[in-house]
Amino acid sequence: MSLETVWLALLGLLLAGYFVLGGYDYGAQMLHPFLGRDGEEEKRTSGNAALDAIAPFFLGNEVWLVAFAGVMFGAFPHLEGTLLSGMYPLIVAILAGLVLGNAAVQLRRRSQSARGRGAWDVLIVVGGAVPAVCWGLVVGLLLHGVPRRADGSFHIGFGEVFSPFVLACGVTTALLFAVHGATFVALRSGDELAAKARDMAAKLLVGVAAVGALALLLTVFGAGADMTNRTTSWIIAALIVAALAAAWWYLSRGHNVLAFAATCCATALPVLLLGAGHYPYLLTTGAGAGLDIDHAITDDATLKILSGFGVLVIPTILAYQFWSWWAFRGRTGQRHPSYF
């Protein structure tokens with residue numbers, strides 16, 4: 001395996017890790033008004049069970065996004081310049097949603113009135129929904145292909161973002177993150193709230209299936225994804241469907257751990273679909289054309305220098321993630337106090 005392929009795999013691993021870990025953050029944010037504590041306890045404690053479930057991991061999960069951006073800037077400078085300039089409005093919306101959601105979550109508990117907490121609740125939902133939808137739009141654009149100008153730059157206009165397929169991908173991703181978040185809350189909560197979260201996740205899965213089927217039909221009729229490696233893409237798409245079916249099966253039977261494992265697979269596999277489905281292209285104008293890995297990646301000397309840093313940084317990120325999960329294992333309220 002070449003060094004270029006290793007770095008591309010690392011880029012995909014970091015983005016998949018961010019989708020899995022950041023995805024349940026966004027999902028819990030979107031659903032927290034419906035998964036909070038009941039009446040008097042909510043008023044008395046100013047707490048929220050859904051937010052408490054993600055509290056120990058909330059900011060730490062975004063380390064994966066920072067690492068992904070660092071690898072893209074360092075190892076794939078031509079992809080970074082092209083991608084950020086072409087998708088600038090969506091990237092800005094994602095960052096704005098992150099800042100808004102993080103600030104609202106941190107400030108909610110400081111509010112002394114129910115009305116004040118209600119205002120922060122709205123901002124928390126928006127802060128989770130905006131990045132979730134926008135990441136889905138980005139995935140949809142990359143699957144469909146991006147128009148390329150005569151000078152080699154990629155241009156994304158209003159028509160590309162608001163095409164039926166790309167919009168379907170945005171809605172599907174938001175719903176999938178919501179399912180992932182509800183499943184995580186079920187994993188971390190007591191029996192009563194866990195049952196409520198599982199029921200909500202199972203209902204949302206119906207929405208994921210419906211909108212996802214629309215995107216699939218658009219692809220079948222030539223108005224959806226335009227993949228370079230079609231056989232590989234269909235296999236990965238089948239794995240996504242299988243992961244969603246497994247999630248529904250385990251949710252309906254109360255197996256929280258297995259359901260969460262299934263939703264983790266469902267949120268990570270779209271990254272594999274992008275990488276393996278378009279390989280060796282990173283940005284495409286259609287099947288078999290676009291910016292390939294040889295033109296997107298930096299020179300070999302820089303890659304070797306970066307590899308030395310990668311050997312230190314990536315294991316550190318993984319070690320921190322495993323430590324945080326171990327330190328805050330168990331259900332909410334049993335091993336740490338209410339945070340939000």
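Trainee: How many helices and strands are there in the chain?
Mentor: The chain of this predicted model has 14 helices and two strands.

Trainee: And how compact is the chain, next to a globular protein of that length?
Mentor: As compact as one, because its radius of gyration is 20 Å, close to the 20 Å that the globule rule gives for 340 residues.

Trainee: What box do the C-alpha atoms fill?
Mentor: Roughly 60 × 45 × 35 Å, taken along the principal axes.

Trainee: Now the inside. What share of the residues count as buried?
Mentor: Of the 340 residues, 51% do.

Trainee: Which residues have the most contacts inside the largest nonpolar core?
Mentor: Tyr18, Phe76 and Leu79, in a core of 105 residues. The largest share of this core comes from helix α1, residues 3-31, with 16 residues.

Trainee: Why would nonpolar side chains end up together?
Mentor: In soluble globular proteins, they tend to be buried together.

Trainee: Back to Phe76. What does Phe76 touch, leaving out residues up to four places away in sequence?
Mentor: Trp7, Leu8, Leu11, Val71, Leu282, Ile293, Ala296 and Ile297.

Trainee: For contacts between residues at least 6 apart in sequence, what share join residues at least 24 apart?
Mentor: In this chain, 80%.

Trainee: Different topic: the surface. How much of the accessible surface belongs to carbon and sulfur atoms?
Mentor: The accessible surface comes to about 15,400 Å², and 69% of that belongs to those atoms.

Trainee: And the charges, how far apart are their mean positions?
Mentor: The chain has 20 positive and 20 negative charges, and their mean positions are 11 Å apart.

Notes. Residues numbered from 1 in each chain as written. Predicted model: local features only at pLDDT ≥ 70, side-chain atom pairs only at ≥ 80, totals over all residues. Heavy atoms only, no water. Helix = DSSP H or I, 4+ residues; strand = E, 2+ residues; numbered from the N terminus. Rg over C-alpha atoms; globule rule 2.2 N^0.38 Å. Buried < 20%, exposed > 50% of the residue type's maximum accessible area, 1.4 Å probe, protein only. Contact = heavy atoms within 4.5 Å. Areas by Shrake-Rupley, 256 points an atom, 1.4 Å probe, with all protein chains shown as cover. Lys, Arg positive; Asp, Glu negative; His and termini not counted. Charge placed at Lys NZ, Arg CZ, Asp CG, Glu CD. Core = buried A, V, L, I, M, F, W, Y, C linked by side-chain atoms within 4.5 Å.
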